[in-house]
Amino acid sequence: MKYEYFQVNDFVTDHFFQQWVRSPDELTNTFWEEWTRDHPEKEDTIQEARLILKSLNIHDIQYREKDFQSVKQNIKSQLFGDQQSDTKERVMVSRKSRLTWLKLAAAVGGIMVLSFYLLQHWLPVSETFSTGNGEQIEVALPDGSKVKLNANTTLKVSADWEENREVWLDGEAYFEVEKMKEPNAKDELRKFTVHAREIDVEVLGTSFNVFDRRNLTMVVLEEGVVALKKHQAEEASLRMQPGESVRYFNEKKSFTKEKANTRTTLDWKNGKHTFEATPLRAIGLIIEDNYGLEVNIETDALGDRRFSASVPYGDLDVLLNLVAESMQLDITKEKDVIFIRMRH
């Protein structure tokens, strides 16, 4: 399951986890008690996330619209280095409130966790789009840009779209961004920004894919120009050219650029899973990401074996049967776990 790879901020921003903490019922209690028992290594992470959700009491907090917009601008300035924030009105938070926020953030591991939560849940969004296991949808944004969401993905769209074309992504999506001119500017184009967990993807008009899961953000550019920048980074942004792929590893805090295999990385948007000498281990992760199942591979050596084929997206049985027969494996499913073993 995807929860194995979650960190504190991931749990805090997960709707099903929030439901368990705030309004537990038989379903959420059963699931999370069993999951926590099966994953004792995540106990501390779970407790930190629960502490944040219980301490914030987010539904009890009321803001005037004026204050709400000011708080939004301040948080964006802190997280994304908004250079225009100095020219805008700043909300004055009482000393007592600031100390309370800082003490809470320090208690649960740092101000960035809290800031990420505030950004995702206090900032107004016009719409939120989500997909489930094996589900894909196409979204039309107000400016005519198109987004296709892969399975188990959430996209949040800014409420002040007329001022800032920006979205927040958790999962994987393919973007086709329309070029737009800035009002009262002869040749200047309006920026479009995708906020991933630790980096921003900034474009003017282009087609690209963003994958943001398991402490990895990967951007594949098909056409146009893209700039990538870390949140709060001082250094210049990294620019991409068509046909390039850039991976950003959250733990290493570094970018790796390479030539992209768009056939294997982008065929999901065409309704296909395409594999070209893909390790079985990587296929297992794709199944976990897209179908919400856990994949257990018998040995590391088996996980290194490679598979090539193109199969319809969404038909998991076809994929598993093809892998089993072509590689002479035994593949079984028990509840939500797929076991892949050598055939004896």
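Strand E4 covers residues 154–158, and four of its five residues are buried, so the rest of the structure largely encloses it. Keep in mind that this is a predicted model.

Staying with E4: what does it pair with? Its partner is strand E5, residues 165–176. The pairing is antiparallel and runs over four bridges. Together E4 and E5 make a hairpin, with six residues between the two strands.

Next, the helices. A packed helix pair is described by two quantities, the angle between the axes and the distance between them. Take H2, residues 15–22, and H3, residues 26–38. Their angle is about 110°, and the axes are 9 Å apart. H2 and H3 are therefore roughly perpendicular. Which residues make the contact? H2 brings Phe16, Phe17, Gln19 and Trp20. H3 brings Leu27, Thr28, Asn29, Phe31 and Trp32.

Last stop, Thr206. You will find Thr206 in the loop between strand E7, 199–203, and strand E8, 207–213. Is Thr206 buried or exposed? Its relative accessibility is 3%, so Thr206 counts as buried, the cut-off being under 20%. What does Thr206 touch? Leaving aside residues up to four places away in sequence, the list is Phe175, Glu176, Val177, Leu221, Glu223, Gly224, Val225 and Val226. For Gly224 there is a distance too: a polar atom of the Thr206 side chain lies 3.4 Å from the backbone nitrogen of Gly224.

Technical notes: Residues are numbered from 1 along each chain as its sequence is written. This is a predicted model: local features need pLDDT of at least 70, side-chain atom pairs count only at pLDDT 80 or more; totals for chains, interfaces and linings use all residues. Side-chain values use heavy atoms; hydrogens and water are left out. Axes are lines fitted to C-alpha atoms, for helices over the stretch in contact, and angles run from 0 to 180 degrees between N-to-C directions. Angles under 35 degrees count as roughly parallel, over 145 as roughly antiparallel, 65 to 115 as roughly perpendicular and the rest as oblique. Contact means heavy atoms within 4.5 Å. Buried means under 20% relative accessible area, exposed over 50%, partly exposed in between (1.4 Å probe, protein chains only). Two strands pair if DSSP finds at least two bridges between them. A polar contact is a pair of N or O atoms within 3.5 Å; within protein, one must be able to donate a hydrogen and the other to accept it, and residues adjacent in sequence count only if both atoms are side-chain atoms.
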